Amino acid sequence: MGDRITGAKALMRALQAEGVKTIFGYPGGAIMPVYDALYDYTQGEQKCFDHILVRHEQAATHAAEGYARVSGEVGVALVTSGPGATNTLTGVADAMMDSTPLVVIAGQVAISSLGTDAFQEVDLVGVAQPISKWSYQIRHAEDVAWAVSQAFYIARSGRPGPVVLDFPRNAQVEEIDWVPRKVDFVRSYVAYPKLDEDAVRQAAEFINNAQKPLALVGQGVELGNAQNELKAFLEKGDIPAGRTMLGLSALPSDHPLNVGMLGMHGNYAVNLKEQECDVLIAIGMRFSDRVTGNLKTYAKQAKIIHLDIDRSEIDKNVKTDVAVVADCKESLPAIMALLNENNSHKEWRESFKELERRELEKVIEPAIHPVAGPLLMGEVVHQVAELAPRGTVLVTDVGQNQLFATRYFKYPEKRSLCTSGGLGTMGYGLPAAIGATFATERTVCCFMGDGGFQMCIEELGTIMEQQSPVKMILLNNNYLGNVRQWQDMFWKRRKSFTKMMNPCYELIAKGYGIPYAAVTDRRDLATAVEKMLTTSGPYILECAIKENDDVLPMTPPGMSVNEMMLEI
């Protein structure tokens with residue numbers, strides 16, 4: 001017989017067995033037995049976990065996402081029932097869209113009270129099921145060890161994603177004999193599909209016969225820890241590669257085969273060349289509408305090879321000629337082994353350069369080296385990227401700050417980017433950056449607009465308490481900038497409720513005891529950035545940005561990727 005313990009203490013042991021070190025959470029009535037048990041696991045010599053008290057439950061999930069994205073481990077959030085649980089749902093949906101491994105554990109009323117509209121009762125399993133990889137209610141303490149082990153197995157295996165555990169109060173206080181469990185198999189759940197050798201051979205044949213191959217690299221490469229396999233594959237095939245936004249750090253920025261970022265606001269050459277390549281190799285990406293533009297005209301001239309661990313992504317948006325359904329850490333070497341030794345596509349790669357030159361001249365140089373006028377977002381990002389230590393982790397919020405930051409930052413090392421891709425969650429940046437600081441000792445720079453910053457501004461309290469060394473760069477243009485740009489371009493400049501009245505951020509920073517500086521003149525920018533980066537602990541650098549600073553290039557919605565605009 002095992003030790004006689006409560007379900008709450010069983011949860012602690014189960015988390016410990018899964019290697020959990022950091023928990024982001026917020027206590028409340030229905031989860032109090034767990035928090036009481038947690039006390040003994042966060043104190044003194046018996047300490048097993050760091051518990052980070054956030055200021056809002058949504059931030060707990062975003063912080064757990066940031067932790068997961070940088071560490072490669074499962075992020076953990078712990079909250080109470082009712083509004084505590086529902087406040088996590090934005091983060092759960094965000095993690096589902098971006099394949100982030102997350103386990104959310106929420107308190108619940110006792111099962112004897114379920115269905116009675118008890119105080120803070122919500123059908124969390126029912127609400128979470130459509131936006132999670134698995135949701136489950138632990139109705140009895142004896143199920144804790146199994147449920148937690150299965151939750152972590154599902155969250156981290158195959159295509160990662162969020163799992164939600166609903167933990168009624170009776171199961172937290174019941175006593176059981178502790179018996180550890182380890183789940184490494186779930187019936188009907190195939191985490192790692194068997195590699196199809198025929199598909200591998202066909203993919204290799206297409207690539208060997210290609211004159212103009214192009215790889216599209218997604219976050220699946222990072223999730224599969226296949227960065228080295230990717231480089232070896234590209235180099236043997238001499239294949240230029242574009243990266244999705246979430247896949248930006250899967251291939252170093254300075255790699256000679258890197259030809260830029262894909263998508264609506266990506267790089268000009270790689271987007272146009274999607275419409276010219278003869279073989280398109282999608283690796284761990286899902287053909288998002290922000291990458292493909294108009295699907296009716298997308299890459300119709302090319303043979304499509306799709307490498308993905310998730311069979312449901314195959315033919316979902318783009319019809320494939322060859323599907324290799326497997327972990328890319330396995331499929332990339334398998335295809336590479338069949339590639340010709342003398343593959344060379346020098347002329348094809350050289351054809352990118354004229355388009356790259358045009359973007360450099362028309363868009364990039366004016367954005368990062370303006371000669372007059374107000375500060376621009378591109379030049380701020382460029383200055384931070386130039387001065388930040390190698391391997392700095394970029395975290396962004398959503399909007400123009402995200403688009404400028406991802407375009408102009410540098411990614412020499414893997415797992416260097418945290419941003420909300422599929423869901424586009426404003427308010428993600430600040431808590432995700434907090435989570436990232438607990439996952440790494442690398443410098444963490446977080447770019448935010450004034451709109452997104454205020455959506456989770458309460459997390460300055462978490463930063464104050466933890467002294468999380470987040471370097472916060474506030475790009476303040478007094479607008480919801482991305483919506484404003486679309487209003488100017490597509491809605492006859494009718495700026496409907498996008499102008500922002502902002503607070504004094506200096507006073508807010510002072511209230512939280514966080515060092516602060518403001519920049520309004522580009523002559524002061526380098527010095528201010530250097531001071532931010534060399535100051536220990538957190539720092540807020542507010543930059544006064546040109547109000548109508550627009551993100552370019554841009555493929556207008558509904559248009560083909562080769563109709564990308566370099567100017568408005």
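The count of aromatic pairs comes to 14, taking rings of Phe, Tyr and Trp (its six-membered ring) as paired if their centres lie within 6.5 Å, with planes under 30 degrees apart called stacked, over 60 edge-to-face and the rest tilted. The model is predicted, with pLDDT of at least 70 needed for local features and 80 or more for side-chain atom pairs, while totals for chains, interfaces and linings use all residues. Residues are numbered from 1 along each chain as its sequence is written, and side-chain values use heavy atoms, leaving out hydrogens and water.

Take Phe287 and Tyr298: their ring centres are 6.1 Å apart and the planes meet at 70 degrees, so this pair is edge-to-face. It ties together distant parts of the chain, 11 residues apart, with Phe287 in the loop between β12 (279-283) and α13 (289-292) and Tyr298 in the loop between α13 and β13 (303-308); helices (H or I, at least four residues) and strands (E, at least two) are DSSP runs numbered from the N terminus. Both Phe287 and Tyr298 are buried, that is, under 20% relative accessible area, where over 50% would be exposed and anything in between partly exposed (1.4 Å probe, protein chains only).

Trp486 and Phe490 are edge-to-face too, since their ring centres lie 5.5 Å apart with planes at 80 degrees. These two sit four residues apart in helix α22 (residues 481-490), so about one helical turn separates them. Trp486 is partly exposed at 22% relative accessibility, and Phe490 is likewise partly exposed at 33%. Elsewhere, Phe24, Tyr67 and Phe438 make up one aromatic cluster.

As for cysteines, a search of the whole structure turns up zero disulfides, a disulfide being a pair of cysteine sulfur atoms within 2.5 Å. For Cys456, the closest cysteine sulfur belongs to Cys446 and is 11 Å away, too far for a bond. Cys543 has its closest cysteine sulfur in Cys445, at 12 Å, again too far for a bond. Cys456 is buried at 3% relative accessible area, and Cys543 is buried at 0%.

Then there is the second largest pocket, with about 740 Å³ of space. Of its 30 lining residues, Ser253, Asn258, Gly260, Asn267 and Ile364 are the closest to the centre. Helix α16 gives the most to this lining, with eight residues. A pocket here is an open set of points on a 1 Å grid over the protein atoms alone, where a 1.4 Å probe fits, with protein on both sides within 12 Å along at least five of seven lines; lining residues have an atom within 4 Å of a point. Grid points are joined across faces, edges and corners, and the volume is the space filled by probe spheres set on them.
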